[in-house]
Amino acid sequence: MTLYRDEAIVIRAQKLGEADRIVTLLTRHHGKVRAVAKGVRRTSSRFGSRLEPFMVVDAQLHQGRNLDIVTQVETLGPYGRAVCGDYALYTAGTAMLETAERLVEAEREPSVQQYLLLVGAVRSLAERAHASGLVLDAYLLRALAVAGWAPSFTDCARCGAVGPHSAFAVASGGAVCGACRPPGAASPAPETFALLAALLTGDWPVADASAERHRSEASGLVAVFLQFHLERQVRSLRMVERV
């Protein structure tokens with residue numbers, strides 16, 4: 001029997017039979033792992049509530065041929081109740097989990113940065129450290145950057161001309177100068193560019209002080225940028241509550 005332990009965040013849970021559940025975990029050292037948690041839907045289960053989405057756990061698993069088996073779970077971050085108890089937090093968090101699952105497509109390939117980024121974002125949601133929409137957009141931008149699609153919000157993404165610039169072209173990688181601006185490029189407000197840059201770099205004083213109209217414009221650009229690089233929609237984004 002091959003046993004291993006790892007920190008993990010639960011990103012998906014599916015019913016299996018009458019009492020079991022298949023959980024998808026994003027682990028710190030083993031990447032994305034799908035495992036069976038036996039008997040967790042019974043009221044007598046010792047760790048059923050620990051294997052709900054948004055929970056961060058220390059898990060022991062038995063490696064199987066197709067699916068691993070969860071044999072032991074200890075709670076590290078009990079974020080599930082706080083996130084699921086508020087609609088805005090829940091919809092933002094669900095979009096994060098779906099994005100993480102899409103970005104880490106291959107199973108058992110270590111993705112430490114994606115794991116740490118997701119855990120930090122879910123913790124911020126649960127603790128209500130910032131507006132849920134800001135936390136979501138910051139997570140999406142940083143997750144894309146870790147995956148190799150870092151946008152530019154100051155210098156031109158095509159020729160490197162020093163910014164700031166007034167146009168945003170998704171296919172070009174972000175801000176573009178007048179010479180590189182393609183037809184149909186967006187023209188966000190300068191404050192929106194500043195907000196996007198703050199979210200990418202973690203400048204929370206600037207992000208928290210932003211106006212709602214600039215947050216809304218930034219969210220639209222982030223969603224389009226995400227969809228372009230994933231080449232598909234993140235369905236959960238449609239449910240996100242934007243104040």
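Modeller: Accessible areas come from the Shrake-Rupley method with a 1.4 Å probe, and for residues only the protein chains shown count as cover. The accessible surface of this protein chain is about 11800 Å², and 49% of that belongs to carbon and sulfur atoms. The model is predicted: local features need pLDDT of at least 70, side-chain atom pairs count only at pLDDT 80 or more, and totals for chains, interfaces and linings use all residues. Residues are numbered from 1 along each chain as its sequence is written, and side-chain values use heavy atoms, without hydrogens and water.

Colleague: What radius of gyration does the protein chain have?

Modeller: This radius is taken over C-alpha atoms, and the globule rule is 2.2 Å times the number of residues to the power 0.38. For 243 residues, a compact globule would have a value near 18 Å; the protein chain has 20 Å, which agrees. The C-alpha trace spans about 65 × 35 × 25 Å along its principal axes.

Colleague: Which residues have the most contacts inside the largest nonpolar core?

Modeller: In soluble globular proteins, nonpolar side chains tend to be buried together. A nonpolar core is a set of buried Ala, Val, Leu, Ile, Met, Phe, Trp, Tyr and Cys residues joined through side-chain atoms within 4.5 Å. Buried means under 20% relative accessible area, exposed over 50%, and partly exposed in between (1.4 Å probe, protein chains only). Here the largest core has 52 residues, and Ile9, Leu118 and Tyr139 have the most contacts inside it. Among the elements that each supply at least two of its residues are strand S1 (3-16), helix H3 (112-126) and helix H4 (132-146). H4 gives the largest share, nine residues. A second, separate core of 17 residues includes Ala8, Val10, Ala35 and Met55.

Colleague: Which residues is Ile9 in contact with?

Modeller: Contact means heavy atoms within 4.5 Å. Beyond its neighbours within four places in sequence, the partners of Ile9 include Leu26, Phe54, Leu118 and Val122.

Colleague: Is Arg235 buried or exposed?

Modeller: Arg235 is exposed, because its relative accessible area is 54%. This residue lies in the segment after H7. Not counting residues up to four places away in sequence, Arg235 touches Glu98 and Arg102.

Conventions
Helices (H or I, at least four residues) and strands (E, at least two) are DSSP runs, numbered from the N terminus.
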